[in-house]
Amino acid sequence: MSVNPVEVVARAEGLGKHVKGPSGGLTILEALDLEIRAGEAVAILGASGSGKSTLLGLLAGLDSPTAGNLWLCGRRLA
């Protein structure tokens, strides 16, 4: 079975992750929109603490967003 190169395999709309800490709330990701198509190579770059690992955890289904919607291969994760 071949994969259509324009098929969207991952899509995020308004994705956000907020956590509560001892000194109040912390916004890790806010209103992130992302679309990854089959066959694309994607690099996630940013400064330390910018949310790269959090985004990967959300895309892998290991964590749940606190805002927005996330789809993988057409199936809604959150």
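1. Let's start with helix H1, where Thr54, Leu55, Gly57, Leu58 and Leu59 are buried. "Buried" here means under 20% relative accessible area, "exposed" means over 50%, and "partly exposed" is in between, using a 1.4 Å probe and protein chains only. Helices (H or I, at least four residues) and strands (E, at least two) are DSSP runs, numbered from the N terminus. What lies over those buried residues of H1? The cover includes S1, S2 and S3, where a contact is counted when heavy atoms are within 4.5 Å.

2. A quick word on what you're looking at: this is a predicted model, in which local features need pLDDT of at least 70 and side-chain atom pairs count only at pLDDT 80 or more, while totals for chains, interfaces and linings use all residues. Residues are numbered from 1 along each chain as its sequence is written, and side-chain values use heavy atoms, with hydrogens and water left out.

3. Now the core. The largest nonpolar core has seven residues in all: Ala12, Leu15, Leu29, Leu55, Leu58, Leu59 and Leu70. Strand S1 (8-21) and helix H1 (52-59) are the elements that give two or more residues to this core, and H1 gives the most, with three residues. A nonpolar core is a set of buried Ala, Val, Leu, Ile, Met, Phe, Trp, Tyr and Cys residues joined through side-chain atoms within 4.5 Å.

4. Next, the strands. S1 and S2 run antiparallel and are joined by 10 bridges; two strands pair if DSSP finds at least two bridges between them. The two form a hairpin with two residues between them.

5. Is Lys17 buried or exposed? Lys17 sits in strand S1 and is buried, with a relative accessible area of 10%. Its contacts, not counting residues up to four places away in sequence, are Leu26, Thr27, Ile28, Leu29, Thr54, Leu58, Asp63, Ser64, Pro65 and Thr66. So what do the polar atoms of the Lys17 side chain meet? One partner is the side chain of Asp63, in a polar contact of 3.1 Å. Another is the backbone oxygen of Ser64, which lies 2.9 Å from a polar atom of the Lys17 side chain. A polar contact is a pair of N or O atoms within 3.5 Å; within protein, one must be able to donate a hydrogen and the other to accept it, and residues adjacent in sequence count only if both atoms are side-chain atoms.

6. On to charge. Side chains of opposite charge can pair when their charged atoms come close. How many salt bridges are there? The count comes to three, where a salt bridge is a side-chain nitrogen of Lys or Arg within 4 Å of a carboxyl oxygen of Asp or Glu. Lys17 and Asp63 form one of them, their closest N and O atoms being 3.1 Å apart. Lys17 lies in strand S1 and Asp63 in the loop between H1 and S3, so this pair ties together parts that are 46 residues apart in sequence. Asp63 is partly exposed, at 35% relative accessibility.

7. Then there are the other pairs. Glu13 and Arg11 meet through their side chains in a salt bridge of 3.8 Å, N to O. Glu13 is partly exposed at 37%, and Arg11 is partly exposed at 29%. Arg37 and Glu35 also meet in a salt bridge, at 2.8 Å, N to O. Arg37 is partly exposed at 32%, and so is Glu35, at 40%.

8. Last, some backbone angles to check. Most residues other than glycine have a negative phi, and most peptide bonds are trans. Ala31 has a positive phi, near 50°. This alanine is in strand S2 (residues 24-37) and counts as exposed at 55% relative accessibility. Cys73 has a positive phi too, near 50°. Where is Cys73? Look in the loop between strand S3 (67-72) and strand S4 (75-76). Cys73 counts as exposed, at 59% relative accessibility.
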